[in-house]
Amino acid sequence: MARVVSVFLPSWSIDRFRRKAGDAAPPAEVPLVLIGRDGGRRQVAAANAVALAAGLRVGMPAAKAQALVPGLSVLDADPAADEDELVRLAAWLLARIAPVVATDPPDGIVIDTTGADHLHGGEAAMLEGIVGRLALSGIAARAAVADTWGAAHALARHVAAPTLVASQGEGMARMGPLPLECLRIPPILARDLRVLGFATVGDLAVRPRAPLALRFGPELGRRLDEALGRLPEPIIAIRPPDMIEVRRAFAEPIGAAETIARNIGKLVVALCGRLEAAGLGGRRLDLACHRVDGGVQAIRICLARPVRDAKRLTRLLCDRIETIEPGFGIEIMTLAAVLAEPLEERQLAGGLMQEAEPDISGLIDTLTNRVGERAVYRFAAVASDVPERSVARVPALALETGAIWPDHWPRPARLLPRPEPVETLALLPDHPPVSFTWRGIRRRVKRADGPERVFGEWWKREAELAAVRDYFRVEDEAGERFWLYRAGDGEDAATGSHSWFLHGVFG
């Protein structure tokens, strides 16, 4: 079953204008509209949140908008620049999310993520990642995933907050209460339908098609069938001009796994030749199988380092053949390096006594393409005295930064995901506890060492200006050692609650 993501950018033109204008853009609290032309008529093409709250709307005549909102900032829209930037954003998502990405003008992007969501930790995590990355770039976005382009388009614009995952077969149930405009029909057609008493998609879905087609033409039924999955709606993926891609067309459609594997090997050899000529190695490769019925079956492999080893790439791609549904046959196969990086030739160990440097990138690539990029990582030190901030997940083969953990006090072998509260008994407020209860078990402290005082990182937020933790290493009567801390310095209430927590366990 196909799965399609629609990314809706509700303030795309405004966001693009602000990124380009920078400090010259009007303040965020000033109502702002961008004016475009519809023939000889000047109308509102985009408006910021302040202008919309003031009662303006897209499509309103420019003169009326200026009359309604005194002090309105009016600037010319640039639809060509908006479209060019949308294509660049789609190319950025193509290299990071899935093999099939296309623009959905004027303010959206559509992605066929069939078989690619596992690389991102599942559909929910994938949507959160897309929206989060765009937010970091100053782009507001909402995203939804459904079985069809039409359903995902409607849900992203009318339901997602800011993400939504519609289960397989759930599209119509979700779309039923939505307004007619979510079907991507012209506004005048939606107005005519409302005159006849149709208010939602559900009202249309239960009506006979013939009278509607006779009065309004075939577009209404086609859009409804596309949203319900009764008619295919191919997604024509964008292809950046600088992307390295090879292609094979077949006189007769192919479908056997052995034939597909043999042609994958030929495509990989051709692609590696072009990568070598450019001095590049592939980091993400997309194989697209174009079927005779117009459908596209695509698979993606991700690599920890730039690679142009034909045997390794062929093996990784052939491992995913079982996910390809050839249908009535595949007539065209393309292989593209959607993400490529410089790769220089390296001298292998030449002497008998010289040991070759171990290379585990092949193992990392195999695991990554089976369980996803998020599931394969290593821990790296971060320059921070706060324990939970002193470690981060990084890609398995990320370069070393040289950062190390503080070595003036030992750190536990196991750090809990979050500190857990414990009940303690101490002789004095600023002394280590003589006993503590953790997870229902009371432990008597035999030895203790500390305190190690850790201050809050005041430059991150004001609440940490006075925050203090006092850490103690304690050993119970059974010889087990724990890492406890008191929130506060034991005297001043402003430094913390003076509650006790267990943060780690020593080996």
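Biologist: Within what distance do the axes of α4 and helix α5 (residues 123–136) come, and at roughly what angle do they cross?

Modeller: This is a predicted model, in which local features need pLDDT of at least 70 and side-chain atom pairs count only at pLDDT 80 or more, while totals for chains, interfaces and linings use all residues. Residues are numbered from 1 along each chain as its sequence is written, and side-chain values use heavy atoms, leaving out hydrogens and water.

The axes of α4 and α5 come within 13 Å and cross at roughly 135 degrees (lines fitted to C-alpha atoms over the stretch in contact, with angles from 0 to 180 degrees between N-to-C directions). α4 is therefore oblique to α5, the class left after under 35 degrees (roughly parallel), over 145 (roughly antiparallel) and 65 to 115 (roughly perpendicular). The crossing of α4 with α5 is right-handed, the near helix being turned clockwise from the far one by less than a right angle. Both elements are DSSP runs numbered from the N terminus (helices H or I, at least four residues; strands E, at least two).

On the α4 side, Leu89, Trp92, Leu93 and Arg96 meet Ile130, Arg133 and Leu134 of α5, where contact means heavy atoms within 4.5 Å. This contact comprises 5 nonpolar, no polar and 2 charged residues (Ala, Val, Leu, Ile, Met, Phe, Trp, Tyr, Cys and Pro are nonpolar, Asp, Glu, Lys and Arg charged, the others, Gly among them, polar).

α4 (79–96) also supplies at least two residues of the lining of the largest pocket, as do α1 (12–21), β3 (41–47), α2 (49–53), α6 (149–158) and α8 (187–195). A pocket is an open set of points on a 1 Å grid over the protein atoms alone, reached by a 1.4 Å probe, with protein on both sides within 12 Å along at least five of seven lines; lining residues have an atom within 4 Å of a point. The space in the largest pocket is about 1400 Å³, a volume being that filled by probe spheres set on points joined across faces, edges and corners. Of the 42 residues that line this pocket, Phe8, Ala45, Val58, Pro106 and Asp107 lie nearest its centre. β3 contributes the largest share of the lining, 6 residues. By class, the pocket lining holds 22 nonpolar, 7 polar and 13 charged residues.
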